[in-house]
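I opened the model to look up its fold and a few residues. My entries follow.

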Amino acid sequence: MAKFPEAEKELSEILVCLRCKTRNKKTATKCRKCGSKYLRRKNREVRAKK
Ligand SMILES: [Zn+2]
């Protein structure tokens, strides 16, 4: 029944590096792998099916 709302919340709070696509934490100011500051919030359009 539960659809793991916490997990989805975590996903939405992940920053993805635009260069190497490494996932960083929301609090990261730059990529932990390549050091790029181009981080983008992972914003998946999840349309919940009821
Ligand atoms: Zn990177």
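**Fold and sheet**

I read along the sequence and found the pattern α-β-β-β. I counted one helix and three strands in the chain. Helices (H or I, at least four residues) and strands (E, at least two) are DSSP runs, numbered from the N terminus.

I noted the ground rules next. This is a predicted model, where local features need pLDDT of at least 70, side-chain atom pairs count only at pLDDT 80 or more, and totals for chains, interfaces and linings use all residues. Residues are numbered from 1 along each chain as its sequence is written.

Two strands pair if DSSP finds at least two bridges between them.

I checked one pairing in detail. Strand 1 (residues 14-17) meets strand 2 in the antiparallel sense over three bridges.

**Leu15**

I picked Leu15, which is found in strand 1. Its bridge partner in strand 2 is Asn24. Is Leu15 buried or exposed? Leu15 counts as buried, because it has 21 C-beta neighbours inside 10 Å. The cut-offs: buried means 20 or more other C-beta atoms within 10 Å of the residue's own, exposed means 12 or fewer, and partly exposed lies in between, with C-beta atoms placed from the backbone.

I listed what Leu15 touches, leaving out residues up to four places away in sequence: Asn24, Lys25, Lys26, Ala28, Leu39, Arg40 and Arg41. A contact requires C-beta atoms, placed from the backbone, to lie within 7 Å. I also took a distance to Tyr38. Leu15 and Tyr38 are 23 residues apart in sequence, and 9.3 Å apart in space, C-alpha to C-alpha.

**Lys21**

I moved to the loop between strand 1 and strand 2, where Lys21 is found. Lys21 is not a glycine, yet has a positive phi of about 65°. Lys21 counts as exposed, because it has 11 C-beta neighbours inside 10 Å.

**Whole chain**

Of the 50 residues of the chain, 8% count as buried. Among contacts in the chain with a separation of 6 or more, 23% join residues 24 or more positions apart.

Methods
Two residues are in contact if their C-beta atoms, placed from the backbone, lie within 7 Å.
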